[in-house]
Amino acid sequence: MGKVDINRLVDEIVKEITTLGKMEKSKNETLVPIGVSSRHCHLTVEDFAVLFGKDASLTKKVDLKQPGHYAANETVTLAGPKGCIQNVRILGPFRKNTQVEVSISDAIKLGLQPPIRESGKIIDSSPITIIGPKGSIYLEEGLIIAQAHIHMSLEDAEYFNVKDGDYVRIKMMNENRPISFDKVKVRVSSGFVLEMHIDTDEANAANVKPGAFGKLIKPGDPV
Ligand SMILES: [Zn+2]
């Protein structure tokens, strides 16, 4: 048997990987980065003062991908008729309405049935109790399960040929758990950076790992 030329073999493998990389890049044109949202809470400045005290301030832990948005160091506890969830992160900046976003698994643990909604649409959503270190609040409405959505800039919308409010399909680029999300709302704003937001249940179902992408498919597009 002839001796294997290791150097040549390595060269060939490197060449092959480079070619695959290029192919991947040319196929990446309709790929959208995936961001997984854990359960979290948006607060009004007034509700924050009740939960943390009048002199407290919301402090930044880490910037999120969407410009101006950040995860705070401060956390709260959620309480429902069947249970509590601790260490729920507050996302800044403050909002006009307090809103809590959880997964379906979280809702089951709390014993509540929040609707699946677009962020900001809290009328007739689920009640929720929020507990902070200095006080607690009971909201008649404010708990939702966030509808999967894609943030994109005006340029991205033009590139994908979609508009604000459109629904698209996102096929997860995942061989072993081939899952598509069929009703993904497009949200276009000049301040947005391209990113699809799904919750932890959706991410687990599709075995989403950090750095994951999904393929954007419009009605009528070949799959
Ligand atoms: Zn989002």
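Visitor: Which residues line the largest cavity?

Guide: Here's the general idea: rolling a probe the size of a water molecule over the atoms shows where empty space is left. In this predicted model, the lining of the largest cavity is made up of Glu118, Ser119, Gln147, Ala148, His149, Lys185 and Arg187. By type, that lining splits into one nonpolar, three polar and three charged residues.

Visitor: How much space lies in the largest cavity, and what does the cavity count come to?

Guide: The space is about 30 Å³. The count is one cavity of 30 Å³ or more.

Visitor: Let's turn to helix H2. Which of its residues are buried?

Guide: An α-helix has 3.6 residues a turn, so residues three or four places apart point the same way. Helix H2 covers residues 45-52, and its buried residues are Asp47, Phe48, Leu51 and Phe52. Looking down the H2 axis, you find them within an arc of 115 degrees, so they line one face of the helix.

Visitor: What do the buried residues of H2 pack against?

Guide: Four strands: E4 (70-79), E5 (84-92), E8 (126-131) and E9 (136-146). Just past H2, look for Gly53, with a positive phi of about 100 degrees.

Visitor: Which backbone atoms does its side chain reach?

Guide: The Ser125 side chain reaches the backbone oxygen of Ile122 at 2.6 Å and the backbone nitrogen of Gly142 at 2.8 Å. Leaving out residues up to four places away in sequence, Ser125 touches several others, including Pro115, Arg117 and Leu143.

Note on methods: Residues are numbered from 1 along each chain as its sequence is written. This is a predicted model: local features need pLDDT of at least 70, side-chain atom pairs count only at pLDDT 80 or more; totals for chains, interfaces and linings use all residues. Side-chain values use heavy atoms; hydrogens and water are left out. Buried means under 20% relative accessible area, exposed over 50%, partly exposed in between (1.4 Å probe, protein chains only). Helices (H or I, at least four residues) and strands (E, at least two) are DSSP runs, numbered from the N terminus. The arc is that of the directions from the helix axis to the C-beta atoms. Contact means heavy atoms within 4.5 Å. A polar contact is a pair of N or O atoms within 3.5 Å; within protein, one must be able to donate a hydrogen and the other to accept it, and residues adjacent in sequence count only if both atoms are side-chain atoms. On a 1 Å grid over the protein atoms alone, a cavity is a set of points where a 1.4 Å probe fits but cannot get out, and a pocket is an open set with protein on both sides within 12 Å along at least five of seven lines; lining residues have an atom within 4 Å of a point. Grid points are joined across faces, edges and corners, and a volume is the space filled by probe spheres set on the points. Ala, Val, Leu, Ile, Met, Phe, Trp, Tyr, Cys and Pro count as nonpolar, Asp, Glu, Lys and Arg as charged, and the others, Gly among them, as polar.
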